[in-house]
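Subject: A structure to look through

Dear colleague,

Here is the structure I promised to pass on to you. Please open it beside this message, and then read on for what was found in it.

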Amino acid sequence: MRRDAVGVTRRSRTRGRDVAGLALGLGVLAGSALLARRTRSETEIGIFLSANDLPDSAFPPIWTVMQYGTFGAVPVAATVALAARKPQLAASIAVGGTAAWVTAKAVKRVVDRGRPANIIDGVHLRGTEEGDQGFPSGHAAVSTAITAVTWPDVSTSWRLPLAALTGLVPFGRMYVGAHLPLDLVGGSALGLAIGSAINIVRGDGGSR
């Protein structure tokens, strides 16, 4: 197959993946938001407590990994992309991470779901949180958005660590008592939708 044909095929597959990611993200965000407005389930509480009841000694490593979902991770990741001479990726990270954080704040006001400590008893709180609204998780949204926009530009060896970080951030948010599972599902879905939308706009399929 000629090189230009391979390029067209790759871009087509990448675009299809991102369109699917956008649709999936928006669908899961809407569905989890509807569920979050209803009465909490015993299943959700059980999942939350399984992480939140872990010993305090696990806090240092979990807190460290959790920083990947903070707003501060956005300029750090963008700077790394600039250092790697990928200005378009750096811009995508900056826009995607910021959009995820701001949009999560806006959706919180619409869904109006409290933090775990306001909903159930016996929550182990580790650290302080800004605001009393839980859905969706801004940390989950930011980490997923950064991973989504970075995914086309990194090699396979880097994708596994990125995926692991993106999964560990929501786990950490339950551990510190900040979010219930649906908050994290909604946040991750929001980040996926935003990251996929930015990839569609970029339209180049990334360049490793």
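Ser-92 is a residue of helix H5, and it is buried, with a relative accessible area of 5%. If residues up to four places away in sequence are not counted, Ser-92 touches Val-149, Ile-198 and Arg-202. Please keep in mind, here and below, that this is a predicted model.

Two packed helices are described by the angle between their axes and the distance between the axes. For helix H4 (residues 73-83) and helix H5 (residues 87-111), the angle is about 170° and the axes are 7 Å apart. Angles over 145 degrees count as roughly antiparallel, and therefore H4 is described as roughly antiparallel to H5. On the H4 side, the residues that meet H5 are Val-74, Ala-77, Ala-78, Ala-81 and Leu-82, while on the H5 side they are Pro-87, Leu-89, Ala-90, Ile-93, Ala-94, Gly-97 and Thr-98. Sorted by class, this contact of H4 with H5 has ten nonpolar residues, two polar ones and no charged ones.

Which residues have the most contacts inside the largest nonpolar core? They are Ile-93, Ala-100, Val-111, Phe-135, Ile-146 and Leu-190, in a core that has 30 residues. Helices H1 (3-36), H4, H5, H7, H8 (156-175) and H9 are the elements that give two or more residues to this core, and the largest share, seven residues, comes from H5. In soluble globular proteins, nonpolar side chains tend to be buried together.

The charged residues come next. Side chains of opposite charge can pair when their charged atoms come close, and the structure holds five salt bridges. In one of them, the side chains of Glu-44 and Arg-113 meet at 2.8 Å, N to O. Because Glu-44 lies in helix H2 (residues 42-52) and Arg-113 in the loop between H5 and helix H6 (116-119), this pair ties together parts that are 69 residues apart in sequence.

Arg-113 also forms a salt bridge with Asp-183, where the closest N and O atoms are 2.9 Å apart. This pair, too, links distant parts of the chain, since Asp-183 is in helix H9 (residues 181-202) and Arg-113 in the loop between H5 and H6, 70 residues apart. Are these two residues buried or exposed? Asp-183 counts as buried, at 0% relative accessibility, and Arg-113 counts as buried as well, at 5%. Through shared partners, the salt bridges join Glu-44, Arg-113 and Asp-183 into one network.

A further salt bridge is formed by the side chains of Asp-56 and Arg-126, at 3.0 Å, N to O. Asp-56 is in the loop between H2 and helix H3 (59-66), and Arg-126 is in the loop between H6 and helix H7 (138-150), so that distant parts of the chain, 70 residues apart, are linked. Here Asp-56 is exposed, with a relative accessible area of 57%, whereas Arg-126 is buried, with a relative accessible area of 10%.

With best wishes

Note on methods: Residues are numbered from 1 along each chain as its sequence is written. This is a predicted model: local features need pLDDT of at least 70, side-chain atom pairs count only at pLDDT 80 or more; totals for chains, interfaces and linings use all residues. Side-chain values use heavy atoms; hydrogens and water are left out. Axes are lines fitted to C-alpha atoms, for helices over the stretch in contact, and angles run from 0 to 180 degrees between N-to-C directions. Helices (H or I, at least four residues) and strands (E, at least two) are DSSP runs, numbered from the N terminus. Angles under 35 degrees count as roughly parallel, over 145 as roughly antiparallel, 65 to 115 as roughly perpendicular and the rest as oblique. Contact means heavy atoms within 4.5 Å. Ala, Val, Leu, Ile, Met, Phe, Trp, Tyr, Cys and Pro count as nonpolar, Asp, Glu, Lys and Arg as charged, and the others, Gly among them, as polar. A salt bridge is a side-chain nitrogen of Lys or Arg within 4 Å of a carboxyl oxygen of Asp or Glu. Buried means under 20% relative accessible area, exposed over 50%, partly exposed in between (1.4 Å probe, protein chains only). A nonpolar core is a set of buried Ala, Val, Leu, Ile, Met, Phe, Trp, Tyr and Cys residues joined through side-chain atoms within 4.5 Å.
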